[in-house]
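Here is a short report on one protein model. Have a look at the structure first, then read on.

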Amino acid sequence: MSQTVRLGLIGCGGMMRTHAQGVNLVKGIEIVAVCDIIRERAEEVAEVLNTPYITTDFETMVDLVDAVLIALPHDLHYECGAFFARHGKHVMMEKPLCNTEEECLSLIDICEEHNVVLMCAYPVRFWPGIVRLKELIDSGEYGEIIQMSIWTEQLTGAEWMDNPRPDWRQTARLGGGQFFSHGCHYVDLLLWFLGEPVRGMHFGTKNGTPWMVREGTSAATIQFANGALGYHGATWGARGTRLGYDFQIQTERGMLEYDHGQGMIRLYNRELAHIPGNVEHKGYSVLWQRDASESGGKATHYEIEHFVECINTGKTPLTNGYNTLQGLRVIWAMYNAEQNNTVADLRGLGLRDFD
Ligand SMILES: NC(=O)c1ccc[n+]([C@@H]2O[C@H](COP(=O)([O-])OP(=O)(O)OC[C@H]3O[C@@H](n4cnc5c(N)ncnc54)[C@H](O)[C@@H]3O)[C@@H](O)[C@H]2O)c1
């Protein structure tokens, strides 16, 4: 029988308010403590979750918890994660894992030494539509992958422009631009779907996002060992959007698209009109539809369920320290190449293979 996991929440800003909607859906956990240096923020989250212990100093919750979910500014990830891991507590870290290679490696080592689970919060990996898309691709039914494109358009941070006291995301504390801070979700997905990366290029611009220290918009292309191409096109400067979030995979047997807004996987191929559910005049078949009872949005409860399962079973998380660091190394190598006007060599950046 699994024990209830006593979870502490650290950093009660925007992302934790999103998690607070999700944690109530997860069985087998109890939120026993919440922390924010701004007490009112911790109180707000504690109220929603009916959490007894509220603190402005995360160290004081250490004896109350089995595990922590950390949603702090990026430059504080390492210090906080290392503190809890050293005390034998499992760590679920908001992305990006840490701001540097040294911090990532050290955190991975400390978690191994103390035999605790280290998982990076990449919710997209656990969305049922993305999991189904991966199963469809892995089934081999659609043949070879030609290219996978992940497109995201958001307006992030425009409000910081008029902020008299700069938000941490407007400073070097972010650790990079949109490619590092947000693109890490999608580089992680591209590696999961397409395998070993070989080479890549990134171009970024600050056009339309003057509040950013680095790029607010990215165009990234990666070639994989199996020949497939992966693209990530994203902006934090979208004043309007039609696509929002879109995931498309061109294969030998048509184009598979996951539309997160509609909660639908579509196959575009007029020759496959016999597939049940095909809406022929639109040229696509619906291969999967989100259950009406399931939520769209960030839907972070799936990743938290996975974290709890890993704690209870000793399983290695899908988004563990090793593959998370490989994704960040890809990003750092592509940033360096962009600066040097070269193509990034992405071979051999993995630390260990996990399936
Ligand atoms: N998965 C996603 O889709 C997603 C989306 C947004 C943010 N995030 C991640 O979540 C994390 C937090 O981002 P955010 O947007 O919520 O930022 P935020 O600034 O809204 O929240 C951070 C909170 O941490 C608190 N804090 C700062 N220093 C602290 C300390 N020493 N002790 C305790 N609390 C402290 C701040 O007061 C603030 O409330 C980041 O890692 C970010 O990348 C993930």
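The model is a predicted one: local features need pLDDT of at least 70, side-chain atom pairs count only at pLDDT 80 or more, and totals for chains, interfaces and linings use all residues. Residue numbers run from 1 along each chain as its sequence is written.

**Backbone details**

Asn 115 has a positive phi of about 55 degrees, although it is not a glycine. Asn 115 sits in the loop between helix 4 and strand 6 (118-121). Helices (H or I, at least four residues) and strands (E, at least two) are DSSP runs, numbered from the N terminus. Asn 341 also has a positive phi, near 55 degrees. Its place is the loop between helix 9 (321-340) and strand 16 (344-345). Asn 341 is exposed, with 6 other C-beta atoms within 10 Å.

| Residue | Phi |
|---|---|
| Asn 115 | about 55 degrees |
| Asn 341 | near 55 degrees |
| Gly 140 | about 80 degrees |

Another backbone feature is the peptide bond from Lys 95 to Pro 96, which is cis, with omega near -20 degrees. Pro 96 lies in the loop between strand 5 (90-94) and helix 4 (101-113).

**Helix 5**

Which residues of helix 5 (residues 128-138) are buried? They are Gly 129, Ile 130 and Leu 133. Seen down the helix axis, these buried residues fall within an arc of 95 degrees, so they line one face of helix 5. The arc is taken from the directions from the helix axis to the C-beta atoms. On the other side of helix 5, Glu 135 and Asp 138 are exposed. The cover over the buried residues includes strand 11 (245-251), strand 12 (254-259), strand 13 (264-268) and strand 15 (284-289).

**Domains and core**

The chain is divided into domain 1 (5-121) and domain 2 (125-298 + 329-345). These bounds come from an automatic or database domain assignment. Taken over C-alpha atoms, the centres of domain 1 and domain 2 are 27 Å apart. In all, 8 residues of domain 1 are in contact with 10 residues of domain 2. Contact means that the C-beta atoms of two residues, placed from the backbone, lie within 7 Å.

The largest nonpolar core has 92 residues. Such a core is a set of buried Ala, Val, Leu, Ile, Met, Phe, Trp, Tyr and Cys residues joined through C-beta atoms within 7 Å. Among those that touch the most other members are Leu 7, Val 91 and Leu 190. Helix 7 (residues 183-194) gives the most to this core, with 8 residues. Domain 1 and domain 2 both give residues to the core, so it lies between them. Leaving aside neighbours within four places in sequence, Val 91 is in contact with residues including Val 68, Phe 84 and Cys 111.

**Around the ligand**

Of the 24 residues around the ligand, Gly 11, Gly 13, Gly 14, Met 15 and Glu 94 come nearest. A residue is near a molecule if its C-beta atom, placed from the backbone, lies within 6 Å of it. Helix 1 (residues 14-23) gives the most to this shell, with 3 residues.

Terms used: A residue is buried if 20 or more other C-beta atoms lie within 10 Å of its own, exposed if 12 or fewer, and partly exposed in between; C-beta atoms are placed from the backbone.
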